Amino acid sequence: MKSTTISYLNKWKKKRKKFAALTAYDFSFAKLFFNEGIQILLVGDSLGMTIQGHNSTIPVTIDNIAYHTSAVHRGAPHALIISDLPFMSYATPNQSFKNAARLMRLGANMVKLEGGSWVIETIHMLTERSVPVCGHIGLTPQSVNILSGYKIQGFDTENANIIFNNAKAIEAAGAKLLVLECIPSTLSKLITDTLKIPVIGIGAGSSTDGQILVMHDIFGITDGFIPKFAKNFLSETGDIRAAVRKYIYEVESGIYPANENCF
């Protein structure tokens, strides 16, 4: 079986073939997701909220991400696995090198880090050292204390320009992928059309090259606040595997996200 690689995503973008991704945290779900057609899996620091029960991603450590990366890799060794670098695990170049290398050795194919201009040098240095990087801008959950909550970003012209310029700088620094979270659909379309690298959206409209959701959201088992962009696919199918297939189908066909899921 061929492994999913970055080149596949680049070809999909050129062909305008949309793709679906999901978070995964363990062997069983990683295997199930890949077997049903999900080829991109994110070991997200969202596990701090979904698995550990915290109210943010801040408490998640590199040890936590390493543990779950190893499990996900065993479940889906042929998937493209992206692992988050959690809060304060890439504050310095040496931290970034050490922690990225650890995750790659455990099975990650790419690391994801949040931030704009301040992470550009880190992205460049990691890329030089053969570590594929996924950027993440818009709503960045690790900045929850600065942002004073989980708020939509990019509605005003100044903030939109910052996000757009950061997207271009992240690509120029060598990032192979970009995640846009909770920004207006018009802004995400502009970024997706401008960049050559694939762009994945979560709460960023339907114009991105791919979509990603937290696995708990597609099954309707999210505790507490349910984001506007979330959709319970399990309630429509009654079966976990069928829910995953429906999610893939709706992303690839452009049904999801619908207008009610966008900003």
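In α4, the residues Ile-62, Asp-63, Ile-65, Ala-66 and Thr-69 meet Asn-99, Arg-102 and Leu-103 of α5. Contact here means heavy atoms within 4.5 Å. By class, this contact has four nonpolar, two polar and two charged residues. Ala, Val, Leu, Ile, Met, Phe, Trp, Tyr, Cys and Pro count as nonpolar; Asp, Glu, Lys and Arg count as charged; the others, Gly among them, count as polar. The model is predicted: local features need pLDDT of at least 70, side-chain atom pairs count only at pLDDT 80 or more, and totals for chains, interfaces and linings use all residues. Residues are numbered from 1 along each chain as its sequence is written, and side-chain values use heavy atoms, with hydrogens and water left out.

Helix α4 spans residues 62-75 and helix α5 residues 93-105; they pack at about 20°, with axes 9 Å apart. The two helices are therefore roughly parallel (angles under 35 degrees; over 145 is roughly antiparallel, 65 to 115 roughly perpendicular, the rest oblique). Axes are lines fitted to C-alpha atoms, for helices over the stretch in contact, and angles run from 0 to 180 degrees between N-to-C directions. The crossing of α4 past α5 is right-handed, meaning that the near helix is turned clockwise from the far one by less than a right angle.

The protein chain has 12 helices and eight strands. These are DSSP runs numbered from the N terminus: helices are H or I of at least four residues, strands E of at least two. The C-alpha trace spans about 45 × 40 × 40 Å along its principal axes. Of the 263 residues, 55% count as buried (under 20% relative accessible area; exposed is over 50%, partly exposed in between, with a 1.4 Å probe and protein chains only). Among contacts between residues at least 6 apart in sequence, 61% join residues at least 24 apart.

Ala-173 lies in the loop between α8 (157-172) and β6 (177-181). Its relative accessibility is 7%, so Ala-173 counts as buried. Not counting residues up to four places away in sequence, Ala-173 touches Ile-120, Ile-123, His-124 and Thr-127. Met-125 is 48 residues from Ala-173 in sequence, but 8.5 Å away in space, C-alpha to C-alpha.

Two non-glycine residues have positive phi. Arg-16, with phi near 60°, sits in the loop between α1 (6-15) and β1 (19-23). Arg-16 is exposed, at 73% relative accessible area. Cys-182, with phi of about 50°, sits in the loop between β6 and α9 (185-194). Cys-182 is buried, at 4%. The peptide bond from Tyr-256 to Pro-257 is cis, with omega near 0°. Pro-257 is in the segment after α12 (240-253).
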